[in-house]
Amino acid sequence: MKNKNIFDKKYFELTGCIHNHTTYSFDGDVKLKKILKAAKKNELDYLTINDHHTKEAQNDEAVTNENDLIVIVGVEVNDPDKNNHFLVFNSDEIIKGKKVEEYTSKYAETDAICFAAHPFEKRSSKQFRKYIWTDIKNDNFDGIEIWNYLSEWIGKLNPKLNGIFFVLFPSLFIKHPPRETLNYWDELNNVGKRRSAIGSVDAHSERIEKFGFKFEFLTHKTLFRSIRTNVLLSEDKQIDQQNILEAIKRGNSYIVNYKVGNPYDFYAGIAASKENSAIFGEELKFTDNLYYYFRLPKIARVKLFRNGKKIATEHDDKGRFEITQKGNYRLEIYKFGYGWIFTNNIYVI
């Protein structure tokens with residue numbers, strides 16, 4: 001956890017990994033105690049557990065006895081065809097065997113906080129099926145998982161052509177969020193629906209068994225060093241599960257690939273003055289002398305998007321873009337051709 005001062009407003013910044021699985025929802029030997037130990041070793045402040053159709057993890061001694069790490073136990077549900085994966089938080093109701101229209105509507109009637117998971121999966125090998133969001137008109141959710149490590153990795157994996165390289169050097173092939181997903185997210189925000197974005201790991205700890213030997217790869221420990229969702233909480237907020245979830249829902253967060261670099265000195269936001277300023281997920285009124293400021297720990301390529309269209313680029317570790325129109329503004333930041341930081345929108349009204 002870090003303290004950040006942005007436009008003379010003080011925030012706590014928490015880093016965490018969303019969308020992790022344990023042995024409760026699939027065959028394996030992934031112990032929660034081991035997962036939490038790996039999370040703390042990687043200096044996470046929070047993580048979420050989203051097992052398929054079960055919240056049994058919340059009763060695990062490793063969770064109930066944990067005091068240093070904020071463990072948020074949600075659930076992942078899907079339809080009978082195993083499509084339309086849905087990350088659900090803030091609800092004890094687990095809906096099984098229903099169509100996506102039914103469970104998205106049902107959760108929307110409650111205080112649940114929900115995200116569409118890996119909506120536009122691709123596969124380069126027919127050996128692996130994809131799990132997609134079947135109806136893009138169904139936007140009955142709070143946000144979208146725009147970057148999923150495991151989904152992107154499997155999407156490019158072809159065991160006959162590149163399998164060994166993908167197993168040995170997985171992060172070399174994790175380049176950036178799918179543009180189709182980013183476009184869908186932008187389209188929803190452009191019509192005023194204000195959906196937030198999250199980045200996830202979808203960690204299971206994968207295994208290969210050959211000639212009596214078991215080889216584990218893409219472990220939680222490994223993936224905890226990759227895609228995270230960093231959350232900004234106002235200093236007057238208590239650091240707890242509910243406030244973290246509410247901040248993620250609002251989009252007071254940004255997605256970062258720690259394999260590219262630690263964003264320890266990163267801040268960004270739009271301001272005309274200290275009194276008229278905003279961070280990710282917030283809105284502010286359009287005025288003269290309005291700028292989108294950024295600062296990075298290293299020089300990188302910073303791209304400014306307005307309503308989903310790239311309008312300016314800088315290659316620097318700090319700078320600003322002039323804001324001359326109303327709209328939804330976000331940053332995509334790249335280093336050595338790899339996606340590094342993707343911010344949620346700031347709404348200039």
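Begin by selecting Leu47, Phe86, Tyr107 and Trp153: of the 56 residues in the largest nonpolar core, these four touch the most other members. Helix 1, residues 32-41, gives the most to this core, with five residues. The model on display is a predicted one. Nonpolar side chains tend to be buried together in soluble globular proteins.

Next, display a second, separate core of 32 residues, which includes Ile279, Val302, Leu331 and Ile333.

**Stop 1: Leu47**

Return to Leu47 and show its surroundings. Residues up to four places away in sequence being left out, Leu47 touches Cys17, Asn20, Ile35, Leu36, Ala39, Leu69, Ile70, Val71, Ile72 and Phe224.

**Stop 2: Helix 1**

Select helix 1 and colour Leu32, Ile35, Leu36, Ala38 and Ala39, its buried residues. Now turn the view to look down the axis of helix 1: the buried residues fall within an arc of 160°, so they line one face of the helix. What do the buried residues of helix 1 pack against? Their partners are strand 3 (46-49), helix 2 (61-64), strand 4 (70-73) and helix 7 (220-223).

Then step just past the end of helix 1 to Glu43, which takes a positive phi of about 60°.

**Stop 3**

Select strand 6, residues 86-89, which includes Phe86. Phe86 and Val88 point one way from the strand, while Leu87 and Phe89 point the other way; all are buried.

Strand 5 and strand 6 run antiparallel and are joined by three bridges. Within this pairing, Val75 has Val88 of strand 6 as its bridge partner.

**Stop 4**

Move on to strand 9, residues 196-203. Is this strand mostly covered or mostly uncovered? Strand 9 is mostly covered, with eight of its eight residues buried. Show the side chains: Ser196, Ile198, Ser200 and Asp202 point one way, and Ala197, Gly199, Val201 and Ala203 the other way.

Display strand 8, residues 143-148, alongside. Strand 8 and strand 9 pair in the parallel sense over five bridges. Asn148 stands opposite Ser200 in strand 9.

Now bring in strand 2. Two bridges join strand 2 to strand 9, and these strands run parallel.

**Stop 5: Lys10**

Strand 2 covers residues 9-20, and Lys10 lies in it. Select Lys10, which is partly exposed, with a relative accessible area of 48%. Which residues is Lys10 in contact with, apart from its neighbours within four places in sequence? They are Lys4, Asn5, Leu233, Ser234 and Glu235.

Note on methods. Residues are numbered from 1 along each chain as its sequence is written. This is a predicted model: local features need pLDDT of at least 70, side-chain atom pairs count only at pLDDT 80 or more; totals for chains, interfaces and linings use all residues. Side-chain values use heavy atoms; hydrogens and water are left out. A nonpolar core is a set of buried Ala, Val, Leu, Ile, Met, Phe, Trp, Tyr and Cys residues joined through side-chain atoms within 4.5 Å. Buried means under 20% relative accessible area, exposed over 50%, partly exposed in between (1.4 Å probe, protein chains only). Helices (H or I, at least four residues) and strands (E, at least two) are DSSP runs, numbered from the N terminus. Contact means heavy atoms within 4.5 Å. The arc is that of the directions from the helix axis to the C-beta atoms. Two strands pair if DSSP finds at least two bridges between them.
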